[in-house]
Amino acid sequence: MAGTGPHGRAERRSAGELESEVLATLWATDDALTPAEIQTEIGGGLAYNTVHTILKRLYDKGLVLRDVDGRRGAYRPAKNAAQLTAEAMHEALDRGPDPIAALQQFVTGLSRQEEEALRDLLGGTGP
Amino acid sequence: MRIDVYVPLVLALLLASVAPAVGRRVSPGLAARVLVTAAALTAAASTWALLLLGATLVDQAPAVIAEAGEEGRILPEPVPETVAVLAVAALAVVGHRVRRVVRAHLATRRVLHRLCEGHPPDSELVVAASPSPQAFAIPGRPGRILVTAAMLSALEPAERRVLLAHERAHLTHRHAVLSTAVALAAAANPLLTPVRDTVAFLLERWADEEAASAVGDRNTTARALARAALVSQRARPGCALHFSEHAVTRRIAALRTAPPPVMRSVGAAVLALGALPALGAADATGDLVQLLAGTLPGW
């Protein structure tokens, strides 16, 4: 199997890609996260200062909130635009013919046997 | 004219029958590109062939018949009149099908544009605060990646990186352009429908391979796909099997073996298969022009 492992590649990612990754990390959890916690979560040799810089940029764009839940230095994603996007997406999905179905979606349907095979692949750590 | 005008139609069948095999054996990036090019050439040539067949009806025009009668010339009939009439009918169907694809495409673009409203223009990731697991690329300048909160929280950190790299690959390699081109080709020539389906699968495989090399781990990439497929399945059961051509299990199986070889020779052969109908159509055009020159004095 080819590959050098998922770590140690942070330096190859562009600033825009790192922004996406930090934002994705904040959205993946219900908790507010500090830069150190984000750094641990992402791994891949990302420097603390880099995480800090990226968070500042996301904050300036209004994509994250700072000092939330009474925790100084903790970040949480801003929800407004994301909620509007979700509404627009569901509206589009509910309306036929489905314009989202025409897109290259990350994954599509499974049969029952396929579902079981995938659970085996994930070795019980499945979702 | 008698034979080569039908060449594009026959070669479309041949291209459709080899497409799945090419897709299985050749690296997805190369296979997708050559199949789209060959399909576009074939569709253009077969549409042109229909136009040529329809154009032979010109000698049925009363003015032409009258003029030929006056000059005592015998009008050639390169193809039976029934064939020519059928070709005109087929052209009308092609026009309708192409229009439908274009409309669907524009409708999708409008929706996607709306989804990005309210998000800063210079940020790549557009999150939708939705409990339904979804992820897709939004083509444009710049391209964006839409992922729902449910999808993000279902994945491990390394798997989220796979997801982002996969969608990013769709954007950097302009997969939307390729998929629109092959959809138009299949609309113009329904015989090319299997090519369109193969290309849809190959674009996903291509993005998977790009993600695997960006993350540096084929296993993690396979696990990301498996987990995303399972959460999607839980969220909307019953839509299974509609998308067997995109079958995520086939993509996962491919990631658990070595990447497929590039095989430029096969790519060249597929391109040649696309060029042949174009040559046939060009030859038939020459023949028809000659015929018409005889029919319509003054050409």
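Which hand does the crossing of α1(B) and α8(B) have, left or right? Some notes on that and on a few other spots; keep in mind that this is a predicted model.

1. The crossing of α1(B) and α8(B) is left-handed. Helix α1 of chain B covers residues 7–25 and helix α8 of chain B covers residues 193–215, and they pack at about 15 degrees with axes 8 Å apart. Angles under 35 degrees count as roughly parallel, so α1(B) and α8(B) are roughly parallel to each other.

2. Who does the touching here? From α1(B) you have B:L15, B:A16, B:A19, B:P20 and B:G23, and from α8(B) there are B:P194, B:V195, B:T198, B:F201 and B:L202. By class, this contact has eight nonpolar residues, two polar and no charged.

3. Chain A has a helix pair worth a look too. Helix α1 (residues 15–27) of chain A packs on helix α3 (residues 48–60) of chain A at about 85 degrees, with the axes 10 Å apart, which makes α1(A) roughly perpendicular to α3(A). On the α1(A) side you'll find A:L18, A:E19, A:V22 and A:L23; they meet A:T50, A:V51, A:I54, A:L55, A:R57 and A:L58 of α3(A). That contact counts seven nonpolar residues, one polar and two charged.

4. Now the largest nonpolar core: 118 residues, with B:L15, B:L35, B:A39, B:V147, B:L192 and B:V195 having the most contacts inside it. Helix α2 (residues 28–55) of chain B gives the largest share of this core, 16 residues.

5. Leaving out residues up to four places away in sequence, B:A39 touches B:L15, B:V182, B:A185, B:L192 and B:V195. B:L15 and B:V195 also turn up in the contact of α1(B) with α8(B).

Conventions. Residues are numbered from 1 along each chain as its sequence is written. Chains are lettered from A and ligands numbered from 1 in the order in which they are written. This is a predicted model: local features need pLDDT of at least 70, side-chain atom pairs count only at pLDDT 80 or more; totals for chains, interfaces and linings use all residues. Axes are lines fitted to C-alpha atoms, for helices over the stretch in contact, and angles run from 0 to 180 degrees between N-to-C directions. Helices (H or I, at least four residues) and strands (E, at least two) are DSSP runs, numbered from the N terminus. Angles under 35 degrees count as roughly parallel, over 145 as roughly antiparallel, 65 to 115 as roughly perpendicular and the rest as oblique. Two residues are in contact if their C-beta atoms, placed from the backbone, lie within 7 Å. Ala, Val, Leu, Ile, Met, Phe, Trp, Tyr, Cys and Pro count as nonpolar, Asp, Glu, Lys and Arg as charged, and the others, Gly among them, as polar. A crossing is left-handed if the near helix is turned anticlockwise from the far one by less than a right angle, and right-handed if clockwise. A nonpolar core is a set of buried Ala, Val, Leu, Ile, Met, Phe, Trp, Tyr and Cys residues joined through C-beta atoms within 7 Å. A residue is buried if 20 or more other C-beta atoms lie within 10 Å of its own, exposed if 12 or fewer, and partly exposed in between; C-beta atoms are placed from the backbone.
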